[in-house]
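Please read the following note beside the sequence and the model. The points are numbered so that each can be checked in turn.

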Amino acid sequence: DGGELITGWQTTTINGKAAWVASATGHFRSLFVNGRRAVRPRLPKQGLYWVEDAPGVDPKDTFSKTKIQTFRAKAGDFAKWRNLTDVEVVVLHFWIEERFPVADYDEATRLISLRRQNSLGFLDDVGDRFPKYYIENVAEALTDPGEWYLDRPAGLVYYLPLPGEKLSSTTFTVPRLTQLLSLKGEPDKDRHVEFLNFRGLTFAHTDWFQPGQDGDLTCLGVPQAAQHVGGAIELEGARHCAFEDCRIAHIGGYAVDVKDGCTALRIVGNELDDLGAGGIKVNGADAHGPVCRRTGGLRITDNHLHGGGQVFHAGVGILTQHSGGNVIAHNH
């Protein structure tokens with residue numbers, strides 16, 4: 001379990017709504033209440049906004065690779081909210097979704113400044129218009145039951161209870177890790193992690209971060225299928241290992257990330273639930289890469305994968321990239 005309990009909650013009000021509040025340390029992006037993923041406040045509450053303009057981008061250039069770090073919001077869609085640099089813009093654009101932390105907002109020009117560049121064309125799919133987006137983690141939008149907000153500068157976390165929830169019988173879990181287990185060999189030196197079997201275990205509660213956001217704020221290539229997002233369980237240079245009849249739940253990214261130099265693994269009969277991205281991701285060296293870093297000969301069968309795409313909407317159930325000779329069957 002990568003989470004810890006937050007205690008010491010008290011009743012309060014915020015934005016005119018009855019709420020619970022507790023002291024909180026550190027930076028976390030997920031909160032699980034009674035085993036359920038709570039949601040951060042977003043705008044609009046329903047539907048999506050449309051980008052009005054992106055300086056330098058021609059909306060009729062379908063395959064535009066123009067990089068931007070500003071775009072113009074339509075009147076009334078954006079504001080200079082409290083804790084603005086903790087606000088994130090989630091843009092649903094050409095092939096993927098991307099999360100952009102906000103740097104600043106100019107109320108006169110309605111230009112939103114972002115802290116990183118886009119990866120793919122800043123357009124709506126293959127149409128001739130700018131993309132859709134929504135805004136997440138807005139303090140002033142904390143108005144609906146089931147929502148929560150971390151006021152980092154104040155060191156306080158707020159939660160708006162659902163009907164019937166009682167403070168005395170509610171548990172709050174905050175994930176403090178982004179990864180729970182790493183099996184890492186050195187395939188280049190012919191040193192592998194071997195013959196480790198995990199059966200009947202539960203792996204739960206990891207947080208997420210936007211690759212290219214925390215630390216390195218540059219663009220990280222093309223994150224189709226959320227392939228740039230890591231896993232709660234990571235394997236590299238592993239062979240003849242197994243994960244069977246396990247549960248992996250309440251995860252910030254992918255559940256299992258099988259990387260370079262892995263062979264003869266079994267991922268069988270597992271329950272993968274409430275996933276920030278997807279279920280199982282497999283990749284290794286390509287045809288021109290070192291043979292020792294090729295990945296294949298895996299058995300991925302009889303797994304139940306559900307509740308994915310909670311954070312990274314482009315995530316998929318099972319993603320295989322440079323990998324062959326696998327049996328992938330009977331997964332739901």
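How do the residues of the lining of the largest pocket divide into nonpolar, polar and charged?

1. The lining of the largest pocket divides into 6 nonpolar, 3 polar and 9 charged residues. In this count, Ala, Val, Leu, Ile, Met, Phe, Trp, Tyr, Cys and Pro are nonpolar, Asp, Glu, Lys and Arg are charged, and the others, Gly among them, are polar. The model is predicted: local features need pLDDT of at least 70 and side-chain atom pairs pLDDT 80 or more, while totals for chains, interfaces and linings use all residues. Residues are numbered from 1 along each chain as its sequence is written, and side-chain values use heavy atoms, with hydrogens and water left out.

2. The largest pocket holds about 360 Å³ of space. Its lining has 18 residues, and Ala38, Val39, Arg40, Glu136 and Gln310 lie nearest the centre. A pocket is an open set of points on a 1 Å grid over the protein atoms alone, with protein on both sides within 12 Å along at least five of seven lines; a cavity is a set where a 1.4 Å probe fits but cannot get out, and lining residues have an atom within 4 Å of a point. Grid points are joined across faces, edges and corners, and a volume is the space filled by probe spheres set on the points.

3. For the second largest pocket, the volume is about 160 Å³. Thr178, Phe209, Val229, Gly230 and Gly231 are the closest to its centre among the 17 lining residues. This lining has 8 nonpolar, 8 polar and 1 charged residues.

4. There is 1 cavity of 30 Å³ or more in the structure. The volume of the largest cavity is about 40 Å³, and its lining consists of His27, Phe28, Arg40, Asp86, Asn137, Leu150 and Arg152. These residues divide into 2 nonpolar, 2 polar and 3 charged.

5. The whole structure contains 15 aromatic pairs. The ring centres of Phe78 and Trp81 are 4.6 Å apart with planes at 55 degrees, so this pair is tilted. Rings of Phe, Tyr and Trp (its six-membered ring) pair if their centres lie within 6.5 Å, and planes under 30 degrees apart are stacked, over 60 edge-to-face and the rest tilted. Both Phe78 and Trp81 are buried (buried is under 20% relative accessible area, exposed over 50%, partly exposed in between, with a 1.4 Å probe and protein chains only). One aromatic cluster is formed by Tyr49, Phe71, Phe100, Phe122 and Tyr133.

6. With 28% relative accessibility, Lys45 counts as partly exposed.

7. Two residues that are not glycine call for a check of phi. Most residues other than glycine have a negative phi, and most peptide bonds are trans. Phe195 has a positive phi of about 60 degrees, and at 57% relative accessibility Phe195 counts as exposed. Ala264 has a positive phi of about 55 degrees, and with a relative accessible area of 29% Ala264 is partly exposed.
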